[in-house]
Amino acid sequence: MVFNSLTFIAFFAIVLAIHSLPLPWKIRKVNLLVASYLFYSAWNPPFVILLWISTVVDWYAAQGLVRAQRPVARRAWMLLSVVANLGMLGYFKYGGFLLANFTALLASVGVVYHAPAPDIVLPVGISFYTFATMSYTLDVYLRRALPARNFLDYALFVTFFPHLVAGPIMRPTELVPQFEQPQRASRRRLFFGLALMTVGMFNKVVLADGFLAQAAETVYDSDKIPGALDAWMGTLAFSGQIFCDFAGYSTIAIGVAMCLGFAMPDNFRFPYAAVGFSDFWRRWHITLSSWLRDYLYIPLGGNRHGPRRTYAALMATMLLGGLWHGANWTFVVWGGLHGIYLSVERWLRKRFSGFKPNLWALLAFGLITYALVNITWVFFRAKTFSRAWTVLRGMFGTNDKAVPLLSTESLAVVGAIIVGLVVTHWLMRNRTLESVLARAPAAVLSCTWAVMAFAIIATQGNGNAFIYFQF
Amino acid sequence: MHLSTSSSDLVVARSASAEARIAQRPGLRLTAADRPGIAQPVPERDVPDRRWGTILFVALVLTLLMLGAWEWHWRSFGVEPSIANTDALWATQRRRIDQGEGDGATVLIGSSRMLFDLQLPVWQALSGKRPIQLALEGTSPMFALEDLADDPNFRNARLLVGVAPDIFFSGFAYRGDVLKYTRKQSPSQRVGQWLSMHFVEPFLAFDDPDYALPAVLERQDWWPVRPGMHPRKDVRKLMVVTAPDRASHIWDKLEKDPAYAALAQSIWAQHFSLGPGMPTPARLRKLTAEQIARASVAVAKLRKRHVEVIFVRTPSAGQYLVFEDKLFPRAQTWDVLLARTGAPGVHFQDHPELQGLWLPEWSHLATRDAVRFTGALYRIIEHDTGHQIAGVAAKPLAR
């Protein structure tokens, strides 16, 4: 089920009520585990089997890793986990994509092959929970952590519903210890958790779905040709939509966990105030970028084997990171662009290592970063390369037969929200939400909370799934 | 076994520089981005030291006050709480056929005219059986016709197909994804629909897409029209669903408020000229031929399962009727449809008892006249011409 639905409100109220009862900790953990399976099966019940497979395989793989003495045996247990998880991910997420590319490859050498339509349904959240469970066996394999003490804690780590389908991608060392001791939110944590849920819901329902999605759709899902204004505003709208959608989800997830007495990590840190792309990736989808860094970039050699190997590892990581988002070459290009940006930035930082930018230069670099990030969003949002090129040409003002696509109202609303968003990110660049809330007048907090709650209800969200569910 | 304490030590050691950096900036906290290549520790989440209980209480009161004002505003406008005409509600009715009611049922498909104009209680009173309402506003019934044609659960039945020429013959489908939604509807969405229908919709008038915040903002007059764009207003609220089986009628504001009816007419009038973005006459002819061909195939399949298909040209009036006659002349559309499909049809212009009806905005019947229309239509189908089994009557009924 999605967070922005009546079903979730009812579900969460029941789960929270049971979790608050004076029951033994084990019973309350079982409540959370059963609730998490219900949460997942509320989409498509049979897919819960995949979740169980992933859970069981990694549990036994980690146990095997601890018992194994020889490096070969340890590697075998690790590979079992990786192959099982990536195998499931590959079949369900990339099966159709691989088949289509294989068919195209054969056609390019003159072999006509009509592959049957695979008709594979993508299990929601599979990219997220496979990465979470893999981090469990990989941490044990890399001797960074020992396995969980009992299966219940481990199964709950994999399945815990706030992070299950769209992250933040949790590591076992972040969550399993929290299950080892009874957790129940204090009243303050409960109320603050509800405040975070409201902030996240406002981002998702009001800003992303209510006011930004339509403009992005108008530009990207149309067959009409946009001019510079429409192409930029459609892309800026998407940049706002995807941030509000995904950061909104993460904030709700953190709030939900907090209401239950658990802590989840930050997934975003005001990314549109990033100066440079390494800074951007320290602020955007932090739990994915750090996962890729720890389990892909560093094992590929990281920056330990000279510049060439570093750049190769960087590009490989970002290309695979792009592919993780979706089975389409447009996502690979998106990742590749970020890889190039990061490589160029790395080279520039070495070349001008003594350069210390002043405030204005910092702002300028920040805006350049945001503009270049928007270029990458074109490939992320467009369903085809053809449409991506059309929008890109529009952004560079080279579309000949452009027609106006967005209404005055749409331009004004998108403009206001994006300016507000970017300014907020800059003001919050070196702060946390909590540090600001600690100083704001109580009346302002109450009024802001009420306005957001009213806007959420009055916008009447139609329960749109979060964008990242498809990944 | 407990997670390694040594990994925690490692965390502290390796992230020391990051911590030092963060420590210089109060208000920041470490994230996984600051701790490369190590096991991540349990996150720390601070709660600002505020009186959150009081803040929440005041926020709740303010929220309720704002919602109360919003609700009062829309009730003053004439809106009453009603059942939401959602895809999920449609899915509940479509499932009735899957669950066995399709054998011997009367099913209605079409667009908004079939939805608002055909009154289920009247039909039930006359026939003893309540039809299954599957018509969808702004949507050609072709998808439903083909879906039912392929459904073996639908047999020995009667299917009334509403024909609004501009929608039926163009194949326009405002809600064309409803079938896909129905097939993929998750348990969560089903529960959500039930909760909404029982705990939200009966109480809140503003719970209607026409009064959603973005829609209200978008239609304000203060926005200038962008050069090069045509001003365009979206269709406003026109109907009320009165029962969970999608029994509906026109919203009475259209009958009582001439200004609102005029607004609805002006919105229809946007479509009456072949402006930019509208299909050309040649394109319309091609679309019409395609729709009739698809209907013929579907009707032939249904006939094999003893389903009586009856096309119904629901009433229209004023400039809307002029527009339809001009773009979709009867001889090139309706008459061809009946001839090709071999199915009988009822055209409102052929029957005196279907004349003199009031359509406040040219396209849908006033509720009182919808009652009259339903009764007359039932009698035409059942009595005036006798019960005609599909395949026998390839002609208009009682013309």
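This is a predicted model: local features need pLDDT of at least 70, side-chain atom pairs count only at pLDDT 80 or more; totals for chains, interfaces and linings use all residues.
Next I checked the overall form of chain A. I recorded 19 helices and zero strands. Along the principal axes, the C-alpha atoms of chain A fill a box of roughly 65 × 65 × 55 Å. I then compared the radius of gyration with the globule rule: a compact globule of 471 residues would have a value near 23 Å, and chain A has 23 Å, so the two agree. For contacts in chain A between residues at least 6 apart in sequence, I noted that 75% join residues at least 24 apart.

I turned to the domains. Chain A is divided into domain 1 (6–183) and domain 2 (189–275 + 357–470). I found their C-alpha centres 28 Å apart. Domain 1 of chain A brings 15 residues to the contact and domain 2 of chain A brings 16 residues. On the domain 1 side, I listed α1 (6–20), α7 (161–164) and α8 (172–179) of chain A as the elements giving two or more residues. The largest share of that side, three residues, comes from α1(A).

Last, I examined the contact between the chains. I counted 69 residues from chain A and 60 residues from chain B. On the chain B side, α3 (52–76), α10 (187–199) and α11 (213–218) each supply at least two residues. I noted that α3(B) gives the most, with twelve residues. The chain B side divides into 34 nonpolar, 15 polar and eleven charged residues.

Definitions and conventions: Residues are numbered from 1 along each chain as its sequence is written. Chains are lettered from A and ligands numbered from 1 in the order in which they are written. Helices (H or I, at least four residues) and strands (E, at least two) are DSSP runs, numbered from the N terminus. The radius of gyration is taken over C-alpha atoms; the globule rule is 2.2 Å times the number of residues to the power 0.38. Two residues are in contact if their C-beta atoms, placed from the backbone, lie within 7 Å. Ala, Val, Leu, Ile, Met, Phe, Trp, Tyr, Cys and Pro count as nonpolar, Asp, Glu, Lys and Arg as charged, and the others, Gly among them, as polar. Domain bounds come from an automatic or database domain assignment.
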